[in-house]
Amino acid sequence: DGGALIVIRSDIVSNLIYISVNIIDHLFVKLSFNNINYIVCSVYISPNCPISAYESFISAVQSVLLVPQSLIFCGEFNLPDIIWPNDDFGLIKTILV
């Protein structure tokens, strides 16, 4: 149905961060590259997930972010009706025609 995958070169030091969120396929990995620490998240949320699953996932993300680090999110959130605004963090909405 879905799934989450993160591929990291063998010469990059990385550690899997274990977080339990029911229903949502996800991975959190902490890695260091060029002396910068990152947390990379890969997530797949199926289209029929209840709001409570999103809320649980956000709580998990907040627990990972207790220590400030660069964060990279990748994945499928299945939120077709959301409007992604442009903002100071560089998020750019894309309209597919």
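Predicted model: local features only at pLDDT ≥ 70, side-chain atom pairs only at ≥ 80, totals over all residues.
Residues are numbered from 1 along each chain as its sequence is written, and side-chain values use heavy atoms, with hydrogens and water left out.

Now the overall layout. The four strands form an open sheet in the order E1-E2-E3-E4, with mixed pairing, and two strands are taken to pair if DSSP finds at least two bridges between them. Strand E1 (14-17) and strand E4 (70-76) stand at the edges with a single partner strand each, so one side of each has no neighbour in the sheet. From one strand to the next, the twist averages 20 degrees. E2 and E3 are paired in the antiparallel sense, over nine bridges.

H1 lies across E1, E2, E3 and E4 and runs at about 15 degrees to E2; here axes are lines fitted to C-alpha atoms, for helices over the stretch in contact, and angles run from 0 to 180 degrees between N-to-C directions.

What does the largest nonpolar core contain? The core has 14 residues, and those with the most contacts inside it are Ile 24, Phe 28, Val 43, Ile 45, Cys 49 and Phe 57. By a nonpolar core I mean a set of buried Ala, Val, Leu, Ile, Met, Phe, Trp, Tyr and Cys residues joined through side-chain atoms within 4.5 Å, and buried means under 20% relative accessible area, exposed over 50%, and partly exposed in between, with a 1.4 Å probe and protein chains only. Strand E3 (36-44) and helix H1 (51-64) are the elements that give two or more residues to this core, and H1 supplies the largest share, six residues. Leaving aside neighbours within four places in sequence, Ile 24 is in contact (heavy atoms within 4.5 Å) with Val 43, Tyr 44, Ile 45, Cys 49, Ala 53, Tyr 54 and Phe 57.

The His 26 side chain reaches the backbone oxygen of Ile 19 at 2.8 Å and the backbone oxygen of Ile 24 at 3.0 Å. Beyond four places in sequence, the contacts of His 26 include Ala 4, Ser 42, Val 43 and Phe 57.

The loop between E2 and E3 holds Asn 34 and Asn 35. Most residues other than glycine have a negative phi, yet Asn 34 has a positive phi of about 55 degrees, and phi of Asn 35 is near 60 degrees. Asn 34 counts as exposed at 60% relative accessibility, and Asn 35 is exposed as well, with a relative accessible area of 80%.

To finish with totals, buried residues make up 23% of the 97 residues in the protein, and among contacts with a separation of 6 or more, residues 24 or more positions apart account for 47%.

Methods
Polar contact = N/O pair within 3.5 Å; in protein donor to acceptor, adjacent residues only side chain to side chain.
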